[in-house]
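Here is a walk through one protein model, taken helix pair by helix pair.

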Amino acid sequence: MDNQTMVNEMIAKGRKALAELESYSQEQIDELCCICCEAFAAHAEELAREVVEETGLGNVPDKIMKNTGSPDGVWYAIKGKKSVGVIGHDERRHLTFVAHPKGIISCVIPTTNPNITILFNGVYALKGRNVILCAPHPRAKRSTVHTCQIFNEALKKAGAPDNIFQYVEEPNIELTQMMMAASDTVLGTGGPNMVKAAYSSGTPAIGVGPGNCNVVIDETADLRMAVESIIHSKTFDNGMICASEQSIIVERCIYDEVHRELEAQGAYFMNESEA
């Protein structure tokens, strides 16, 4: 099957799933989201070991912790929030807000966090009665496919429409570009080139590139706790999480104290020849 035919089939299946989800109530949608979170948590350890084996990135204990805790975080972030039908009113301007699905959302899945990215993107998409198409990174295609399969099996048991989660088993650049162009929205997660491709697809896109989190330590901070938290964040899962701190900004009056505390807790300071 050529790339265009494959994309056409995925889009057709996605449109059918969207039509079936259109009649779902808020309670039904929330139940499906909860089912996905529970299914992911049930396979947390399995997925953690699988992705480290496939990609060689991160470490199993931290990924187990991440996979175990993230489903609860996703669920509590959306629990009780309206996403179907009338979701609010503005009495002053006489406006009523009605939720409407974006439609078919293409997700470009990174090699750094293939399982978690599908969990977040997929459940949030489903909360709005959308369907997603997943394009894996070549180094993480087995993990990406397996995660989608876990969701699909759990949703099928619940009587949900088929093809809410679709995936490409053998990714290539042309296929991914075609998929993004044929979708209604694109979520691009990865390096600068991938984010640029998402923005250049001709489809409305949201890009998530390399993390650039800065942390400020001022004179009121508990320095030991601040440094401990920063180091733990930066080293967790071998630094795979882009939301970890990338730089530290310190007030001049406490610079020497922070420097000593960083060294005491195992941080390494490079000299100019090493930088």
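At roughly what angle do the axes of helix α5 and helix α6 cross? This is a predicted model. In it, the axes of α5 (residues 114-127) and α6 (residues 141-157) cross at roughly 40°. They come within 9 Å. The crossing of α5 with α6 is right-handed. On the α5 side, the contact is made by Pro114, Asn115, Ile118, Leu119 and Leu126. Helix α6 answers with Ser143, Thr144, Thr147, Cys148, Phe151 and Leu155. By class, this contact has seven nonpolar and four polar residues, with no charged ones.

Now turn to a second pair. Helix α2 spans residues 26-42, and helix α4 spans residues 60-78. Their axes come within 8 Å and cross at roughly 170°. An angle over 145 degrees counts as roughly antiparallel, so α2 and α4 are roughly antiparallel to each other. Their crossing is left-handed. Helix α2 contributes Asp30, Cys33, Cys34, Cys37, Phe40 and Ala41 to the contact. Helix α4 brings Asn67, Pro71, Val74, Trp75 and Ile78. Sorted by class, the α2 contact with α4 has nine nonpolar residues, one polar and one charged.

How many disulfides does a search of the whole structure find? The search finds zero. A disulfide is a covalent bond between the sulfur atoms of two cysteines. Take cysteine 34. Its closest cysteine sulfur is in cysteine 37, 6.6 Å away. The cut-off for a disulfide is 2.5 Å, so that pair is too far apart for a bond. Cysteine 213 has 26% relative accessibility, so this residue counts as partly exposed.

Note on methods. Residues are numbered from 1 along each chain as its sequence is written. This is a predicted model: local features need pLDDT of at least 70, side-chain atom pairs count only at pLDDT 80 or more; totals for chains, interfaces and linings use all residues. Side-chain values use heavy atoms; hydrogens and water are left out. Axes are lines fitted to C-alpha atoms, for helices over the stretch in contact, and angles run from 0 to 180 degrees between N-to-C directions. Helices (H or I, at least four residues) and strands (E, at least two) are DSSP runs, numbered from the N terminus. Angles under 35 degrees count as roughly parallel, over 145 as roughly antiparallel, 65 to 115 as roughly perpendicular and the rest as oblique. A crossing is left-handed if the near helix is turned anticlockwise from the far one by less than a right angle, and right-handed if clockwise. Contact means heavy atoms within 4.5 Å. Ala, Val, Leu, Ile, Met, Phe, Trp, Tyr, Cys and Pro count as nonpolar, Asp, Glu, Lys and Arg as charged, and the others, Gly among them, as polar. Buried means under 20% relative accessible area, exposed over 50%, partly exposed in between (1.4 Å probe, protein chains only).
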